[in-house]
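Reader: I would like to learn how to read pockets in a protein model. Can you take me through a case?

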Amino acid sequence: MSVEKVKAYFKKYNMEERVRELEQSCATVELAAQALTCEPGRIAKTLSFLVDGKAILIVAAGDVKIDNAKYKAQFGVKAKMLSQDQVVEMVGHAVGGVCPFAVNDGVDVFLDKSLKRFETVFPACGSSNSLIQLSILELEQYSGYSSWVDLCKPYK
């Protein structure tokens, strides 16, 4: 199971106990925000895209959407999300639990600047009911990110 992969990943840093598995689903931003009673923006959603035949992940605040023009300017191609089957095969996690931790080799992770307005955020941990609270510095440290990007429309 994917959450076990993520726990094993965090065990290397003595942080596996911080991975929370909830009774209810937190597979969407709305469900996760309700479960945690926090604002949707603090849910760090991880979006899976295809660029030049490779999977990339963009981690963004839960209350923003990808700006297609910014995306094309950054990557040189139109935004094309992976299908559910492609996500499992190429990233290593199923939709609803996609996260930037314990992903397959060759997957580049980008952090969107929309996250920087929060002290802590809640990314998923490989399943539809798991998550972890991380500071932005911890997210940088454990996500293996390539760079910060500005790919989203302004939040409201």
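This is a predicted model: local features need pLDDT of at least 70, side-chain atom pairs count only at pLDDT 80 or more; totals for chains, interfaces and linings use all residues.

Reader: Start with size. What volume does the largest pocket have?

Author: The largest pocket has a volume of about 390 Å³. Its lining holds 23 residues. Closest to the centre are Ala27, Lys45, Thr46, Gly96 and Val98.

Reader: Which elements each supply at least two residues of that lining?

Author: Lining residues can be sorted by helix and strand. Here α2 (29–36), β2 (43–51), β5 (120–123) and β6 (130–131) each give at least two. The largest share, six residues, comes from β2.

Reader: How does the lining of the largest pocket divide by class?

Author: Sort the residues as nonpolar, polar or charged. The lining of the largest pocket has 16 nonpolar residues, six polar and one charged.

Reader: Now the second largest pocket. How much space lies in it?

Author: The second largest pocket holds about 200 Å³ of space. It is lined by 13 residues. Lys45, Leu47, Val64, Lys65 and Ile66 are the closest to its centre.

Reader: Which elements give two or more residues to the lining of the second largest pocket?

Author: Those elements are α2 and β2. From β2 come three residues, the largest share of this lining.

Terms used. Residues are numbered from 1 along each chain as its sequence is written. Side-chain values use heavy atoms; hydrogens and water are left out. On a 1 Å grid over the protein atoms alone, a cavity is a set of points where a 1.4 Å probe fits but cannot get out, and a pocket is an open set with protein on both sides within 12 Å along at least five of seven lines; lining residues have an atom within 4 Å of a point. Grid points are joined across faces, edges and corners, and a volume is the space filled by probe spheres set on the points. Helices (H or I, at least four residues) and strands (E, at least two) are DSSP runs, numbered from the N terminus. Ala, Val, Leu, Ile, Met, Phe, Trp, Tyr, Cys and Pro count as nonpolar, Asp, Glu, Lys and Arg as charged, and the others, Gly among them, as polar.
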